[in-house]
Amino acid sequence: MYLPPHDPHVDDPMRFKPLFRIHLMERKCATVECMYGHKGPHNGHIQIVKKDEFSTKCNQTDHHRMSGGRQEEFRTWLREEWGRTLEDIFHEHMQELILMKFIYTSQYDNCLTYRRIYLPPSSPEDLIQPGLFKGTYGSHGLEIVMLSFHGKKAKGTKITGDPNIPAGQQTVEIDLAHPLQLPDIENLRDFSELSRIVLEVQEQVRREEQEREQRQEEQEHSQQAASQPASPLGGEGAEGEETAAGAEGTTQDKASASQPFVLPMGVISRNEDYPRTCRICFYGTGLIAGHGFTSPERTPGVFVLFDDDRFGFIWLELKSFSLYSRIKVSFQNAQAPSREAFDEMLKNIQSLAT
């Protein structure tokens, strides 16, 4: 198991925890041992489900139990996973979320299904190198997000989830065609000023989408009247590419410089050690929901690029800030064989989550 560092230290290295091991014997024989729990290796089972998918099963789950019962198991899990004790956590809402996570993860007793994920492909036009990032998510702790680029959009997909937003969902979407010009440092401290700027861009984006849809409908109608096959992009492709190219040109220019940055008053951040300068900011949306992924909605926010390895997102509605730091580990054989294969994987993990 590949675990993030303890909250909120996003720049610390990842942690590893063995879950099972395989002893290869002669005559194509093998034994499987479950490593979960604190009583040492014990009998387990692995089954190949299909291509790029397998499952593990513990045959002796009593080895996962502790003499002190579930309370001792919870306190041990809290110390190992979060690096703190129950007495350290004063916030009642945070205690509730952590308890929910413990109940959810411990119920499987290392009977899990594993599916292959690909790292996102990169291109010279990308704002930064895509990849995996550790991010702060308030009382949920640190979670893993995959940043990928898709033309005029960048997407942050959750690789690990929480009781509100499960893994596989698109936690943030960045509109690279709409960079934000932040106010000077003094006015930036005023949350209402930042909110005004973001909501103006949100309205602009909404109008552009309506105009694009209207143009597409009109073109389809005219093409049908002329008995000509409709263009797959409804004629908008050339204009969209031009817009993206224009935005990319200004993006690269602005990204090379830096400007002072500070969080507005009232915006909560788990990690106060965020960079005080940034390269460029973009309009974006973040996904929020109730427990159990109820009533999900995309809300406006600000994507803040600090450097090649760190970025942030200001959740306007939640008045909170997430800081993300790159996972600097080389994964073997993790590259997608094609852009299509990567896009298909993203669709699959999202459909599993919903």
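Predicted model: local features only at pLDDT ≥ 70, side-chain atom pairs only at ≥ 80, totals over all residues.
The domain assignment of the protein divides it into domain 1, covering residues 2-115, and domain 2, which is made of residues 131-193 together with 257-352. The size of an interface is often given as the accessible area lost when the parts come together. Between domain 1 and domain 2 the area buried is about 1,800 Å², with carbon and sulfur atoms giving 64% of it. On the side of domain 1, the residues that lose the most area to domain 2 are Tyr2, Val10 and Leu97, which together account for 31% of what that side buries.

The count of salt bridges between domain 1 and domain 2 is one. Arginine 270 forms a salt bridge with aspartate 7, and the closest N and O atoms of this pair are 2.3 Å apart. Aspartate 7 is also joined to proline 8 by a cis peptide bond, for which omega is about 5 degrees, and proline 8 itself lies in the loop between strands S1 and S2.

Within H1, the buried residues are Glu73, Phe74, Thr76, Trp77, Leu78, Glu81 and Trp82. What covers them includes strand S1 (2-3), strand S2 (15-16) and helix H2 (92-106). Just after H1 comes glycine 83, which takes a positive phi of about 70 degrees.

A positive phi is also found in residues other than glycine. One of these is aspartate 109, with a phi near 50 degrees, located in the loop between H2 and strand S7 (112-115). Aspartate 109 has a relative accessible area of 13%, and therefore counts as buried, the cut-off being under 20%. Another is phenylalanine 293, which has a positive phi of about 60 degrees although it is not a glycine, and which is found in the loop between strand S15 (280-290) and strand S16 (294-305). Because its relative accessibility is 19%, phenylalanine 293 also counts as buried.

The cysteines remain to be considered. A disulfide is a covalent bond between the sulfur atoms of two cysteines. A search of the whole structure finds zero disulfides. Cysteine 58 is in no disulfide, and the nearest cysteine sulfur, which belongs to cysteine 34, is 3.9 Å away, whereas a disulfide would need the two sulfur atoms to be within 2.5 Å. With a relative accessible area of 5%, cysteine 58 is buried. For cysteine 111, the closest cysteine sulfur is that of cysteine 58, and because the two sulfur atoms are 6.3 Å apart, they are too far from each other for a bond. Cysteine 111 has a relative accessibility of 31%, so this residue counts as partly exposed.

Technical notes: Residues numbered from 1 in each chain as written. Heavy atoms only, no water. Buried < 20%, exposed > 50% of the residue type's maximum accessible area, 1.4 Å probe, protein only. Helix = DSSP H or I, 4+ residues; strand = E, 2+ residues; numbered from the N terminus. Contact = heavy atoms within 4.5 Å. Domains from an automatic or database assignment. Buried area = accessible area lost by both parts, 1.4 Å probe. Salt bridge = Lys/Arg side-chain N within 4 Å of Asp/Glu carboxyl O.
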